[in-house]
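Here's a quick briefing for anyone meeting this structure for the first time. Have a look at the model, then read on.

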Amino acid sequence: MVTERLYYTDPYLREFHARVMDGGEDGRRIYLDRTAFYPASGGQPHDLGTINGVQVVEVIDEGERIAHILAAGGASGLSRSEEADCRIDWPRRYDHMQQHTGQHLLSAVLVERFGFPTLSFHMGAETSSIELGTPEFTESQIEEAERRAQELVWAARPVAIAFEEAAAVQGLRKPSERTGALRIIEIEGVDRSACGGTHVRSTAELGPIQIRKSEKIRGNVRIEFVCGQRAQRRARQDYRLLTELTRLTSVAIDSLPGHVATMRDRLTEAEKGRQRLALDLAGRDAEALYDSTAPGPDGVRRAVWLVPAIGPEERTKAAAYTRRGRALVLIAGTNPMAALVAASEDAGVDAGAVLKKVLTAVGGRGGGSPTLAQGSVPDAQALDAVVAALGIQN
């Protein structure tokens, strides 16, 4: 059985009748003698819609025939040779037609202007992406590509479908490895590509084309773009966001970048000031704790501090505690489990050697200098072992 692909010749077909030819054992997969449902292929997602009122949730190209996957239990009411009333989810289909044709136009412009070949294409739910065979795509090139693409949209170039033999076809933007008859999508005077996807009839239907993002990937460049209805929605969303920002900041839209940069610099300075104050406070707390800690029989003051995590403030506090001399401190972090040991030079303890020895024995890792060491602790029992090795009463 071979499925006749109606979308090959008429991508604008929204409703059609077909005959059920076969079905899967799961009661969800059916095959029609002809279909306008597009299966996922060439970077374009599959269509959605209904068959006899039942939702089509997936369309799969199986070579000579196309499988239609219905919602659970949907095919139970369909019998072989029955005529089916089929309807395409048109807003979704038309969106895909705009994005796919927009990709052809944009890819052609990128070759025309800069010689950048398209390596791959993917159509997402919000944006579509093209991977380009170039290590760099500058801002000025992006603007030039958008400008040229928009010129061709305004020119309303016809988009035609033709079938030509692979052995005789000429002028393709990208050579095809297929044999036999090729389906050619031609944008008049702009592009000729072998493609099985669905496309609009004229570039005028593409509306605005926006390149939203550019990033380097695998030595190439991947761009994200939108066109048609997506571009219109995205522009409206952008404007709403900008309007809300102007309301919150009482700054005109054109002044927002400078205002945000100024606020960022102020926040950076404020954070630096906060960190300086926190470190100063940590040092003062350590000195107070040192004074309130009684020396042991050997004259060394020992302390254990439990903290959520070990960071710069904790390290500053430990250094301040041992700076006064004859001092040893263990800081235990609980998330993640970690230990920091600080010892004054006259404490009689090599912090790095002790911590490394204990943690190695209990499956942890760590080490450092004689006065400051840090490591990961696998569990609470391992932490108790560190405390015992340092002779600290916890």
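Which element supplies the largest share of the lining of the largest pocket? That's β9, with four residues. A word on the ground rules: this is a predicted model, where local features need pLDDT of at least 70, side-chain atom pairs count only at pLDDT 80 or more, and totals for chains, interfaces and linings use all residues. Residues are numbered from 1 along each chain as its sequence is written, and side-chain values use heavy atoms, with hydrogens and water left out.

**The largest pocket**

- The largest pocket holds about 930 Å³ of space (a pocket is an open set of points on a 1 Å grid over the protein atoms alone, where a 1.4 Å probe fits, with protein on both sides within 12 Å along at least five of seven lines; the volume is the space filled by probe spheres set on the points).
- Its lining takes in 31 residues, and Gly42, Arg178, Ala194, Cys195 and Gly196 lie nearest the centre (lining residues have an atom within 4 Å of a point).
- At least two lining residues each come from α1 (90-114), β9 (118-123), β12 (181-187) and β13 (191-194) (helices are DSSP runs of H or I with at least four residues, strands are runs of E with at least two, and both are numbered from the N terminus).
- By type, the lining splits into 11 nonpolar, 14 polar and six charged residues (Ala, Val, Leu, Ile, Met, Phe, Trp, Tyr, Cys and Pro count as nonpolar, Asp, Glu, Lys and Arg as charged, and the others, Gly among them, as polar).

**How α1 meets α3**

- The axes of α1 and α3 (residues 228-249) come within 7 Å and cross at roughly 95° (axes are lines fitted to C-alpha atoms over the stretch in contact, with angles from 0 to 180 degrees between N-to-C directions).
- α1 and α3 are therefore roughly perpendicular (65 to 115 degrees; under 35 is roughly parallel, over 145 roughly antiparallel, and the rest oblique).
- Tyr94, Asp95, His96, Gln98 and Gln99 of α1 touch Gly228, Gln229 and Arg230 of α3 (contact means heavy atoms within 4.5 Å).
- That contact has one nonpolar, five polar and two charged residues.

**How α1 meets α2**

- The axes of α1 and α2 (residues 139-154) come within 9 Å and cross at roughly 120°, so α1 and α2 are oblique to each other.
- The contact of α1 with α2 divides into nine nonpolar, one polar and five charged residues.

- Between Asn335 and Pro336 the peptide bond is cis, with omega near 5°.
- Pro336 sits in the loop between β17 (327-334) and β18 (337-343).
- Asn52 isn't a glycine, yet has a positive phi of about 50°.
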